[in-house]
Amino acid sequence: MKIGLQTYTIRKSIKTLEGFDKAMAEVSEAGIKYLEIAADYLKFPFDETNSLRMKEILDKYGIEAVSCQIRQKRVESDFDTVYKAFKALDVNNITNSLMDLRCLKDGEKGVVAYCESLEKYRLKMEANGLFVAHHHHHYECLRLGDKTILEIMAENFGGGFVLDTYWLARGGIDPVGLIMRLTDRVRIMHIRDYKLKLSLLGLRPTDTEIGRGNLDFSYILFKAAKYGVEYGMIEQNTKNELESVKISAANAFAAIGRMS
């Protein structure tokens with residue numbers, strides 16, 4: 001499996017293109033050569049000009065952008081601009097950032113209606129050479145009747161899924177079991193650890209660097225690779241962004257080393 005980075009993780013460090021350049025130098029030194037660009041969190045315009053500059057920087061450090069995570073509504077509202085940005089980065093994998101939570105008020109019927117909208121979007125994107133996968137949070141783990149929202153989506157949406165180990169753990173779903181059920185529909189996985197943190201209100205879930213939480217990444221990455229997951233993208237929400245990336249990268253590579 002190829003270890004990469006979801007740029008949400010370093011969003012504070014890449015507020016400018018100059019910051020993006022400096023961050024990519026450190027990311028490359030950590031051994032990471034693949035990115036998923038979190039376009040929704042860029043502080044500069046996501047357009048052809050800035051994407052060409054990002055591509056130049058990535059090429060300088062031998063890093064490849066393999067996916068962009070961006071909201072469906074944003075793509076549809078300004079398709080020409082966003083499409084040119086995708087092409088400038090030489091990216092054709094599009095991760096839908098977030099489901100429309102308003103659909104939940106109508107239960108399973110609302111989720112199915114949302115999937116119909118997402119499916120139309122997927123087919124339009126595929127007609128333009130772009131392939132759509134849906135990124136979930138913990139609310140897709142919600143059970144509506146005898147099925148989770150993720151199960152309903154898998155039946156009514158024909159695209160891929162970008163699974164997130166932290167959100168699945170928080171939602172009570174085994175990531176390995178889900179990968180096995182989705183088989184070839186998971187090309188990219190967001191890898192971040194899960195732990196319980198003691199606070200004044202008791203225990204609360206939080207994410208942390210790989211290897212510092214409760215998840216067994218030697219097992220998860222081994223099984224994910226066996227079932228066709230190509231990229232494990234480090235994603236986390238920590239204070240010391242680049243230092244956390246280095247810790248997670250080292251522990252992810254070590255976990256892969258224990259796979260054989």
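Visitor: Is Asp-90 buried or exposed?
Guide: This is a predicted model, in which local features need pLDDT of at least 70, side-chain atom pairs count only at pLDDT 80 or more, and totals for chains, interfaces and linings use all residues. Residues are numbered from 1 along each chain as its sequence is written, and side-chain values use heavy atoms, with hydrogens and water left out. Buried means under 20% relative accessible area, exposed over 50%, and partly exposed in between (1.4 Å probe, protein chains only). Asp-90 has a relative accessible area of 63%, so the residue counts as exposed.

Visitor: What is the phi of Asp-90, and where is the residue found?
Guide: Most residues other than glycine have a negative phi. Asp-90 is not a glycine, yet its phi is positive, at about 60 degrees. Helices (H or I, at least four residues) and strands (E, at least two) are DSSP runs, numbered from the N terminus. Asp-90 is found in the loop between helix H4 (79–89) and strand E4 (93–96).

Visitor: Where is Thr-183 placed, and what is its relative accessibility?
Guide: Thr-183 is another residue other than glycine with a positive phi, near 45 degrees. Its place is in the loop between helix H8 (175–182) and strand E9 (188–191). Thr-183 counts as partly exposed because its relative accessibility is 38%.

Visitor: Is Gln-72 buried or exposed, and which residues does Gln-72 touch?
Guide: Gln-72 is found in helix H3 (residues 72–77). Its relative accessible area is 9%, so Gln-72 is buried. Contact means heavy atoms within 4.5 Å. Not counting residues up to four places away in sequence, Gln-72 touches Asn-96, Tyr-114, Ser-117, Leu-118 and Tyr-121.

Visitor: What is the relative accessibility of Leu-198?
Guide: The place of Leu-198 is in strand E10 (residues 193–199). Leu-198 counts as exposed because its relative accessibility is 70%.
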